[in-house]
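The following note is meant for a colleague who is meeting this structure for the first time. Please read the numbered points alongside the sequence and the 3D view.

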Amino acid sequence: MKKKIFTKLMFLVSALIIGSVSTPVSAASIPSDARLWKGHHYKAYNLGFTFNEAKEYCELQGGHLATITSASENAIVTELADKAGRNNYWIGIHRDAQGNYNWITGEKSSYSNWNREEPNNYLNNQGYGHIFGNNFAIFEVGKWGDMTEDCNSWDHESHWGRGNFGFICEWESPVSLKKAKISLSRTSYTFSGKEVRPSVRVQLNGKALVKNKDYKVTYIANKFPGYGYAKIQGIGKYTGTVKKYFQVMPTQLKNFSARCDKRGQITAKWQKMKYITGYQLQYKKTGESWKTVKLTSNTTAKTFKALRKGKYEVRVRAYATTSGRTAYGRWSPIKTVSVK
């Protein structure tokens, strides 16, 4: 227990030397002196941490231990290890229970650059990957080896000592969701009194992003008639906010009627509706074009006067305007009225 406490204290004190790590930072807060390569950023730290301390430190900075999936990427990390001055630098690869070495990010790659006879899991307690730095004369700079998590099984005065292990952090450049292809499972609903939550699909560069890992979704104005939207916000290396709109249509009007109550006029009536902006009423003489009248939500009747003799058609629907957009309900059945 004392050893664990001491190790943790070492981690915190060392971290405070170069800056607080108590609060995770966003992917947008990449160190200004990190090396940029193909949308990735890398930085070497000479803090003498264990593998897990280094892993935690990188993650607290909004990144992760460097993962290397190509010879060109290895060359970039090698350059940092060569210039930074330590014998060894932790990278983000480790051995699982089945004896396989995997990147901590879960990414897949067939590339590796292990030194001869590595990884060897020497003494059956190694399994944490590192890259050789410029002071390790007996091995080539840029090759990989495996080591115990804390190096404590080795002489601290040798090349393998804990104090000779730095680590390299990596950050992906923030990617804006504005470049993604985002779609909703549905874009139109009829008001039912319940919230609607269309599922969201986000694809970027052919990759399907994962909800609550790469982005989160909040639904706004998704219950009453009008237009609501799904607010999609990036998480981690994904940034930006995108709104995808959907409509909640008012229900069809009830008890609609229209009749010629006096010579040359038609009176239309309907049942008042809730949660709407108003009504759209249309009428026309048979064979002619529709004429449209907009009415407030408190209106339940409308009379048209001075009409010519003949047959007329009348219909009405409710509408709701929100977010600067208007959602229309279904038209009522057309009423045909003979005007005398």
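What volume does the second largest pocket have? The second largest pocket has a volume of about 270 Å³.

1. Basis of the note. This is a predicted model, in which local features need pLDDT of at least 70 and side-chain atom pairs count only at pLDDT 80 or more, while totals for chains, interfaces and linings use all residues. Residues are numbered from 1 along each chain as its sequence is written, and side-chain values use heavy atoms, with hydrogens and water left out.

2. The second largest pocket. This pocket is lined by 15 residues, and Val175, Leu204, Asn205, Lys237 and Tyr238 lie nearest its centre. A pocket here is an open set of points on a 1 Å grid over the protein atoms alone, where a 1.4 Å probe fits, with protein on both sides within 12 Å along at least five of seven lines; lining residues have an atom within 4 Å of a point. Grid points are joined across faces, edges and corners, and a volume is the space filled by probe spheres set on the points. The lining divides into five nonpolar, five polar and five charged residues. Ala, Val, Leu, Ile, Met, Phe, Trp, Tyr, Cys and Pro count as nonpolar, Asp, Glu, Lys and Arg as charged, and the others, Gly among them, as polar.

3. The largest pocket. Its volume is about 680 Å³. Of the 24 residues that line the largest pocket, His64, Thr105, Glu172, Lys213 and Lys237 are the closest to its centre. Seven of the lining residues are nonpolar, eight are polar and nine are charged. Strand S8 gives the largest share of this lining, with three residues. Strands (E, at least two residues) and helices (H or I, at least four) are DSSP runs, numbered from the N terminus.

4. Strand S8. Is strand S8 (residues 165-172) mostly covered or uncovered? It is mostly covered, since eight of its eight residues are buried, which means under 20% relative accessible area with a 1.4 Å probe and protein chains only. Phe165, Phe167, Cys169 and Trp171 point one way from S8, whereas Gly166, Ile168, Glu170 and Glu172 point the other way. In a regular strand the side chains alternate between the two faces of the sheet.

5. Partners of S8. Two strands pair if DSSP finds at least two bridges between them. Strand S2 (residues 40-45) runs antiparallel to S8 and is joined to it by six bridges; Tyr42 has Glu170 as its bridge partner in S8. Strand S3 (residues 64-65) also pairs with S8 in the antiparallel sense, over two bridges, and His64 has Glu170 as its bridge partner there. Strand S4 (residues 88-95) runs parallel to S8, with three bridges, and Trp90 is partnered by Phe167.

6. A sheet of four strands. This open sheet has the order S11-S17-S15-S14, with mixed pairing. Strand S11 (188-190) and strand S14 (215-220) stand at the edges with a single partner strand each, so one side of each is left without a neighbour in the sheet. From one strand to the next the twist averages 25°. Strand S15 (residues 226-234) and strand S17 (residues 241-249) pair in the antiparallel sense over eight bridges, and Lys231 has Lys243 in S17 as its bridge partner.

7. A sheet of three strands. The order of this open sheet is S18-S19-S22, with antiparallel pairing. Strand S18 (257-262) and strand S22 (301-304) stand at the edges, each with a single partner strand, so one side of each is left without a neighbour in the sheet. Strand S19 (residues 265-269) pairs with S22 over four bridges, and Ile266 stands opposite Phe304 in S22.

8. Aromatic pairs. The structure holds 20 aromatic pairs. Rings of Phe, Tyr and Trp (its six-membered ring) pair if their centres lie within 6.5 Å; planes under 30 degrees apart count as stacked, over 60 as edge-to-face and the rest as tilted. The rings of Tyr283 and Phe304 have centres 4.0 Å apart and planes at 35°, so this pair is tilted. It links distant parts of the chain, with Tyr283 in strand S20 (residues 278-285) and Phe304 in strand S22, 21 residues apart. Both Tyr283 and Phe304 are buried. Elsewhere, Tyr101, Trp103, Tyr111, Trp114 and Trp144 form one aromatic cluster.

Methods:
Axes are lines fitted to C-alpha atoms, for helices over the stretch in contact, and angles run from 0 to 180 degrees between N-to-C directions. Buried means under 20% relative accessible area, exposed over 50%, partly exposed in between (1.4 Å probe, protein chains only).
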